[in-house]
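Here are my notes on the model you sent. Please read them with the structure open.

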Amino acid sequence: FFATVEQVPGDPILGLTDAYNADTRPTKVNLGVGIYYDESGRIPLLRAVKQIEQQLAAEAKPRGYLPIDGLAAYTSATRELVFGKDSELVAAGRVATTQTVGGSGALRVGAELLAHTLPHATVAISNPSWENHRAVFTAAGFKVVDYTYFDAARHGLDFDGMLADLAKLAPGTTVLLHACCHNPTGADLTEAQWKQVAALLKEHQLFPFIDMAYQGFDKGIAEDGVAVRIVAEAGIDSFIVANSYSKSFSLYGERVGALSVVAADAAQSRAVQSHIKRIIRTIYSSPSTHGAALVAGVLGSTELRAMWEEELGQMRTRIHALRAGLVAKLAELGAPEFAFIQQQAGMFSYSGLSRAQVDTLRDEYGIYAVGTGRICVAALNQGNLDYVAKAVCAVSRS
Ligand code: PMP
């Protein structure tokens with residue numbers, strides 16, 4: 001049956017980790033990952049998560065199926081986190097939130113929903129964007145185009161280019177937006193820029209699909225969710241938010257995400273939710289219990305929530321300190337041109353290193369970065385920062 005099946009290329013970023021694992025040099029560093037590592041180079045298990053996990057283990061509850069759209073305590077806590085406590089949209093019953101298999105699952109289920117409701121659907125994604133955006137929307141039947149986003153020469157957002165490209169899109173086009181901590185560039189919009197984008201989306205009748213995979217990783221929970229608030233306040237009647245707890249709860253393998261669909265009124269919202277349930281029923285039937293119970297347990301407890309907010313704050317403060325440390329070290333070594341790394345947000349940075357320089361970093365120093373020059377700042381620590389800075393300085397001079 002499979003005689004004619006040909007091998008397809010593997011995921012380039014996951015392939016990088018395989019190459020890193022096979023490298024025997026003790027000084028090797030993996031900056032290619034999309035994971036937050038702590039100071040000891042490990043994925044943290046947050047204290048708040050550990051506590052709720054112990055409580056749940058002690059309760060030893062049976063494992064029945066969850067409803068198709070997930071654990072109610074999880075979806076309602078998520079809705080509040082994503083849209084804010086005082087959201088008028090939530091109060092009006094216009095937001096249908098569904099538990100999904102990670103943020104990726106939210107993107108795919110959201111894309112399936114739109115593909116059912118918008119025939120000949122087109123999505124515009126930023127250039128560049130997280131690699132999987134193109135793949136997920138293509139798999140759901142979308143035509144994928146891109147809009148200008150990054151100015152490589154200035155190492156920052158090309159906002160005029162972005163507005164100009166968005167204005168050219170046909171009404172009804174879906175526009176995929178990164179709420180914060182843009183992956184892969186680290187270049188985000190300011191609040192004023194979000195207002196301009198939201199006004200443009202409304203005027204041109206474009207459909208916002210906001211991907212929020214890093215809420216709380218740059219400025220704070222509410223601050224990083226500002227794009228959602230601004231799109232809501234712009235009076236756009238329907239949009240989607242896909243969010244993930246993989247990073248903010250350090251729960252990568254538990255696959256905890258959610259899809260929130262905003263509709264024009266409560267009746268539309270209920271109809272949309274019925275379609276989402278049908279889509280999920282035919283893919284994986286219902287989501288898994290454990291990760292959602294952890295997140296709901298933490299968000300639902302005053303004490304654990306405060307603990308989590310503090311731990312999340314520590315993660316973002318550490319990322320900012322690592323950015324500052326890398327920039328200071330590079331300047332000290334005579335490479336002040338990397339100062340822009342400190343202005344970027346979240347785990348990732350487009351370092352400006354070329355593909356050839358990335359290859360040299362790997363071959364000569366055992367430092368692994370993505371071919372585009374993307375590095376994961378959260379994979380740095382005090383033990384490898386000097387080594388990385390020296391290597392980056394050396395390859396940038398070669
Ligand atoms: N969107 C973006 C921008 C991401 O970077 C990621 C994770 N790397 C996701 C979505 C998916 O998150 P999850 O791991 O929860 O599926």
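This is a predicted model: local features need pLDDT of at least 70, side-chain atom pairs count only at pLDDT 80 or more; totals for chains, interfaces and linings use all residues.

1. Domains. The domain assignment divides the protein chain into domain 1 (12–45 + 305–397) and domain 2 (63–300). Their C-alpha centres are 27 Å apart. Across the boundary, 24 residues of domain 1 are in contact with 23 residues of domain 2. On the side of domain 1 that touches domain 2, the elements giving two or more residues are H13 and strand E11 (348–350). H13 gives the most, with 6 residues. By class, this side of domain 1 has 15 nonpolar, 6 polar and 3 charged residues.

2. Helix H13. This helix has 31 residues, and the distance from its first C-alpha to its last is 45 Å, close to the 45 Å expected at 1.5 Å a residue. The buried residues in H13 are Leu304, Trp308, Leu312, Arg316, Ile319, Leu322, Arg323, Leu326 and Leu330. After H13 comes glycine 334, with a positive phi near 95°.

3. Helix H2. Does the length of this helix agree or disagree with its residue count? The 13 residues of H2 (residues 47–59) should span 18 Å at 1.5 Å a residue, and the end C-alpha atoms are 19 Å apart, which agrees. Ala48, Val49 and Ile52 are the buried residues in H2. These three lie on the same side of H2, because they cover an arc of only 95° around the axis. An α-helix has 3.6 residues a turn, so residues three or four places apart point the same way. Exposed on the other side of H2 are Lys50, Gln54, Ala57 and Ala58. The buried residues of H2 are covered by elements including helix H12 (290–299) and helix H13 (302–332). Just after H2, alanine 60 has a positive phi of about 45°.

4. Ligand shell. Which residues surround the ligand? They are Gly34, Gly102, Gly103, Ser104, Trp130, His178, Asn183, Asp211, Ala213, Ser244, Ser246 and Gly257. Helix H5 (residues 102–117) gives the most to this shell, with 3 residues. By class, the shell has 2 nonpolar, 9 polar and 1 charged residues.

5. Isoleucine 279. This residue lies in helix H11 (residues 266–281). Isoleucine 279 counts as buried because it has 20 C-beta neighbours inside 10 Å, and the cut-off for buried is 20 or more. Leaving aside neighbours within four places in sequence, isoleucine 279 is in contact with Val109, Glu112 and Leu113. Valine 298 is 19 residues from isoleucine 279 along the chain, and their C-alpha atoms are separated by 29 Å.

6. Tyrosine 20. This residue lies in helix H1 (residues 12–22). Is tyrosine 20 buried or partly exposed? With 18 other C-beta atoms within 10 Å, tyrosine 20 is partly exposed. Not counting residues up to four places away in sequence, tyrosine 20 touches Lys28, Asn30, Gly32 and Tyr368. Tyrosine 20 and aspartate 265 are 245 residues apart in sequence, and 50 Å apart in space from C-alpha to C-alpha.

Key. Residues are numbered from 1 along each chain as its sequence is written. A residue is near a molecule or strand if its C-beta atom, placed from the backbone, lies within 6 Å of it. Helices (H or I, at least four residues) and strands (E, at least two) are DSSP runs, numbered from the N terminus. Ala, Val, Leu, Ile, Met, Phe, Trp, Tyr, Cys and Pro count as nonpolar, Asp, Glu, Lys and Arg as charged, and the others, Gly among them, as polar. The expected span of a helix is 1.5 Å times one less than its number of residues. A residue is buried if 20 or more other C-beta atoms lie within 10 Å of its own, exposed if 12 or fewer, and partly exposed in between; C-beta atoms are placed from the backbone. The arc is that of the directions from the helix axis to the C-beta atoms. Two residues are in contact if their C-beta atoms, placed from the backbone, lie within 7 Å. Domain bounds come from an automatic or database domain assignment.
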